[in-house]
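Subject: Structure handover and notes

Hello,

Please find the structure below. My notes on it follow, with the cut-offs given where each term comes up.

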Amino acid sequence: MKKEDLLNSDFLKQFKSGKELESFLSQLHKRGIEQMLEGELDDHLGYDKHAKSDQSNARNGYGCKTIRTDFGETRIDVPRDREGSFEPVIVPKRKSMAEGVESLVVSLYAKGMSNADIEEQLLEMYDFRLSTSAISRITARVTEDITAWQNRPLEEVYLIVWMDGIVFKVRENSRVANKTVYIAVGLRRDGKKQVLGLWLGKTESAAFWMGVLTDLKARGVVDILITATDNLNGFTDTIRNVFPESRTQICVVHQIRNACRYVVWKDKKEFTADMKLIYDATTREAAEAALDDFAAKWEGKYGYAINSWRDNWQDLTVFFDFPVVIRRIIYTTNLIENLNGKIRKYIKNKLSFPTDEAVIKSVYLAVREATKKWTMPIRDWGLVLNQFLIIFAGRVRL
């Protein structure tokens with residue numbers, strides 16, 4: 001019911017006292033919350049109330065919960081499902097109504113929705129209106145979370161750290177500029193992945209990465225065994241200046257893309273198939289032979305591609321120094337590129353951002369959503385860890 005309706009004298013005349021009006025509004029609020037919960041359960045089960053379904057899970061009556069609102073304490077009916085897997089968002093278990101609304105708003109914002117979109121979504125799905133200013137206040141609190149997260153202590157040793165950047169358009173001084181959010185993901189000693197931080201800069205440069213690596217060291221990182229990065233001029237030297245014992249591997253996927261950049265379409269399939277023989281070789285010597293064959297066939301037409309392999313050969317082939325079980329983990333930044341893909345998916349509706357703070361806030365929330373399932377060690381972790389313990393004896397302690 002709109003505010004102007006409540007203030008209408010004809011409407012107010014039906015209530016004998018302010019207490020009656022407050023009771024009416026409390027009941028109206030209660031029904032609104034219960035309708036929102038019904039909508040959540042519909043979404044969880046995948047079908048509407050009273051609709052037929054062949055699913056094993058179904059509605060299973062109601063439970064009661066007392067919530068605290070602006071109208072005082074209110075008892076509401078919370079729908080249940082047969083399997084007990086329904087976890088309400090708007091009124092979470094062991095949390096208040098306000099916390100539930102905030103969690104829902106932040107989740108929708110993380111998926112790339114604007115404040116106006118969130119207001120419309122809440123109204124459409126739950127028949128619940130939350131102003132854009134209230135939504136803005138909720139999402140603004142995320143800035144405090146980012147500050148705490150970005151300055152949190154890190155582990156002393158990471159087995160592998162992948163580093164990459166993703167470009168966004170940000171409005172600056174009445175124009176739109178490209179800015180890069182740099183991301184570092186570390187592989188911990190328990191085999192689990194962890195996003196170490198986010199940093200915003202105008203260009204991806206070795207100087208900027210020096211600041212990123214220095215920040216990691218200031219937050220407690222003593223040693224990184226292996227780094228996997230794209231082929232940025234001077235990046236390898238930058239890493240060695242901060243973490244001198246780290247082995248640096250240039251991302252082979254980036255190398256392939258750069259080599260194929262100017263290859264004509266009719267040659268691309270054969271060109272990439274021949275190039276695959278280089279990085280799929282079993283030894284560095286076999287890879288060198290494959291590179292020689294590749295050069296003999298393509299150097300006349302695509303000499304720059306051959307030169308890019310030869311110029312970066314030492315840093316491109318570091319992975320050959322390691323057993324097969326960990327080669328594919330380190331020779332590509334696919335892991336971080338998959339994360340970048342999920343970030344782009346979450347915020348694909350935002351063509352540009354009004355401020356630097358807005359882009360960092362959106363990327364942080366997208367990262368938080370995308371990494372919720374990072375709860376298990378990487379595949380074949382026991383085997384991988386044993387190899388690290390042997391190769392880096394003395395530098396890895398459990």
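The accessible surface of the protein chain is about 21500 Å², and carbon and sulfur atoms hold 50% of that (Shrake-Rupley method, 1.4 Å probe; for residues, only the protein chains shown count as cover). This is a predicted model, in which local features need pLDDT of at least 70 and side-chain atom pairs count only at pLDDT 80 or more, while totals for chains, interfaces and linings use all residues. Residues are numbered from 1 along each chain as its sequence is written, and side-chain values use heavy atoms, with hydrogens and water left out.

Overall make-up

The protein chain has 18 helices and seven strands; these are DSSP runs numbered from the N terminus, with helices being H or I of at least four residues and strands E of at least two. Of the 398 residues, 47% are buried (under 20% relative accessible area; exposed is over 50% and partly exposed in between, with a 1.4 Å probe and protein chains only). Among contacts (heavy atoms within 4.5 Å) with a separation of 6 or more, 61% join residues 24 or more positions apart.

Cores

The largest nonpolar core contains 83 residues, and Ile-183, Phe-271, Trp-309 and Ile-343 have the most contacts inside it. A nonpolar core here is a set of buried Ala, Val, Leu, Ile, Met, Phe, Trp, Tyr and Cys residues joined through side-chain atoms within 4.5 Å. Helix 17 (residues 356–370) gives the most to this core, namely nine residues. Another core, of 18 residues, lies apart from it and includes Val-161, Val-212, Leu-213 and Phe-235. In soluble globular proteins, nonpolar side chains tend to be buried together.

Helix 11 (265–279) and helix 14 (313–316) each supply at least two lining residues. The lining has nine nonpolar residues, one polar and no charged (Ala, Val, Leu, Ile, Met, Phe, Trp, Tyr, Cys and Pro count as nonpolar, Asp, Glu, Lys and Arg as charged, and the others, Gly among them, as polar).

Single residues

Lys-179 is in strand 4 (residues 175–187) and counts as buried because its relative accessibility is 4%. Its C-alpha is 5.6 Å from that of Val-167, 12 residues away in sequence.

Ile-146, in helix 7 (residues 142–150), is buried at a relative accessible area of 12%. Leaving out residues up to four places away in sequence, Ile-146 touches Ile-360, Lys-361 and Tyr-364.

Asn-173 is not a glycine, yet has a positive phi of about 50 degrees. Asn-173 sits in the loop between strand 3 (157–172) and strand 4 and is exposed, at 71% relative accessibility. Asp-380 also has a positive phi, near 55 degrees, and is in the loop between helix 17 and helix 18 (381–391).

Regards
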